[in-house]
Amino acid sequence: MSPKMSMNIYPVTLPMMLDARERRQAIQNRLLNEHKAPLVCLTMNIAGDIKDTPAIRYAFLHGVSEIRSSLGAPVAYETLGGATGCEAFFVYRGDAADIKNRTVEIESSPIIGRLFDIDVLSPDGEKLSRGAERRCIVCGGPVTVCSRSRAHGLDRIREVTFSHLTDFIAPRLAGMACKALYDEVHLTPKPGLVDENNNGAHKDMDISMFERSAACLNPFFEKAVRLGVADNNCFWALNALGLEAEREMLSVTGGINTHKGAIYSFLLLLGAAGACLHRGGDILSCAGSLARSDTRPRSTDTHGSDIYARFGATGARGEAENGFPNALKACRVIRDGGAYKALLTLMADVADTNVLYRGGEEALGFMRSESRRILSGDPGSFENELLRLDREFIRRNLSPGRVCQCFHCLIRRGKLVVDAGRIDGYGICIRDNII
């Protein structure tokens with residue numbers, strides 16, 4: 001499947017569900033005949049005519065991961081996807097009853113386990129019973145009683161399902177964002193920036209300050225996802241949340257700006273992610289649209305506004321309004337070339353407003369030319385060249401802060417399915433694309 005960024009969501013019809021059931025049965029029969037071993041089948045327990053959204057796919061892949069973690073690598077593994085929902089088939093050697101007990105534990109996991117439907121078939125095709133009856137997702141009572149009496153309407157069941165998915169995903173996305181900030185500051189060396197070697201061209205910051213700052217932002221990142229889930233036109237709510245996050249950041253850093261740019265970028269990205277989790281759509285386009293909702297004139301009393309007036313460099317706001325093109329470019333580089341190559345690519349291409357503020361166009365030209373020179377050489381020399389460049393940046397009092405903000409979006413951690421892509425590898429991304 002070729003990479004794409006957006007996901008369209010379609011309602012399913014009864015004929016579509018019947019066709020999916022036939023396909024499932026055919027795969028089960030084939031795998032049982034081929035392997036003569038227990039078969040585990042994972043589907044999602046989603047009420048209503050919408051069976052496939054980014055949020056549902058995220059939960060599904062988590063279920064796949066949980067099965068593999070509990071049961072190990074399968075003898076055979078196949079998947080189906082589409083509007084009727086994701087399905088996975090695992091063949092395992094071993095006792096079918098023991099396998100069933102382990103899958104029941106997965107189905108009993110907090111928040112998300114209730115949405116897993118994991119069948120275990122014996123080698124002769126018999127479906128094993130789970131023993132204890134499942135509980136109703138709405139009230140917690142016996143599910144058969146609520147089902148037979150239709151105690152809860154479809155809208156209520158879908159609302160609770162929606163809430164379970166959000167409660168499961170939002171803290172994980174927030175954790176990925178915080179981990180990205182931790183990983184970025186620990187990447188060493190980074191010319192002129194705080195890392196494990198030194199404080200770069202900063203006399204008022206150190207690595208522990210960045211760690212404290214990143215930790216305090218976690219609840220704000222989670223709330224950004226939830227704001228996007230609640231309303232895809234959430235820019236002003238994100239803006240208010242950003243001001244709160246900045247105040248908290250300054251309180252833990254003693255008034256030092258460690259992550260203001262990252263707060264701006266990540267809240268937009270995470271708000272866009274929340275907006276697309278249940279509705280589908282293009283997350284980068286959504287983030288850009290959110291950024292463009294800010295029709296206020298640029299402030300006239302900040303470093304960024306001064307640089308915009310003098311050099312036309314748009315900074316973090318321009319990066320966001322254009323859908324994070326530099327972060328996207330570096331994300332593609334980092335997959336094949338690693339973190340150092342991605343950092344150098346950003347330094348070669350970004351009109352870094354912080355470098356312009358500290359050293360003007362001459363400093364920006366120096367950073368770009370040196371980065372391009374290093375990129376044209378042996379990748380094995382990148383680390384030593386960056387160490388040398390770090391010393392020169394410190395001597396010149398240069399710090400590529402805008403590059404750092406783009407790089408925040410790239411550092412690796414976590415997995416999330418969005419549009420059959422993944423948030424994996426290097427930060428929050430959809431296949432080749434940054435969220």
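This is a predicted model: local features need pLDDT of at least 70, side-chain atom pairs count only at pLDDT 80 or more; totals for chains, interfaces and linings use all residues.
User: How do you know which residues of α5 and α6 meet?

Analyst: Contact here means heavy atoms within 4.5 Å. By that test, C178, L181, Y182, V185 and H186 of α5 meet I207, F210, E211, A214 and A215 of α6. The residues in this contact split into eight nonpolar, one polar and one charged.

User: What makes β3 and β5 edge strands?

Analyst: The order in the open sheet is β3-β4-β2-β5, with antiparallel pairing. β3 (76-80) and β5 (116-121) each have a single partner strand, so one side of each has no neighbour in the sheet.

User: How do you know that β2 and β5 are paired?

Analyst: Pairing needs at least two bridges, and six join β2 (residues 39-44) to β5. Helix α3 (residues 96-107) lies across β2 and β5, running at about 180° to β5.

User: Why does the contact between D49 and R158 count as a salt bridge?

Analyst: Their closest N and O atoms are 3.9 Å apart, and the limit is within 4 Å, so the pair qualifies. D49 sits in the loop between β2 and α2 (54-71) while R158 is in helix α5, so the bridge ties together parts 109 residues apart in sequence.

User: Why is E370 called buried, but R373 partly exposed?

Analyst: Buried means under 20% relative accessible area, and exposed means over 50%. E370 has 14%, so E370 is buried. R373 has 36%, in between, so R373 is partly exposed. The two side chains meet in a salt bridge at 3.2 Å, N to O. They are three residues apart in helix α14 (residues 353-375), which means a separation of about one helical turn.

User: What makes E370 and R388 a link between distant parts of the chain?

Analyst: Their side chains meet in a salt bridge at 2.6 Å, N to O. E370 is in helix α14 and R388 is in helix α15 (residues 382-396), 18 residues apart. R388 is at 30% relative accessible area, so R388 counts as partly exposed.

Technical notes: Residues are numbered from 1 along each chain as its sequence is written. Side-chain values use heavy atoms; hydrogens and water are left out. Helices (H or I, at least four residues) and strands (E, at least two) are DSSP runs, numbered from the N terminus. Ala, Val, Leu, Ile, Met, Phe, Trp, Tyr, Cys and Pro count as nonpolar, Asp, Glu, Lys and Arg as charged, and the others, Gly among them, as polar. Axes are lines fitted to C-alpha atoms, for helices over the stretch in contact, and angles run from 0 to 180 degrees between N-to-C directions. Buried means under 20% relative accessible area, exposed over 50%, partly exposed in between (1.4 Å probe, protein chains only).
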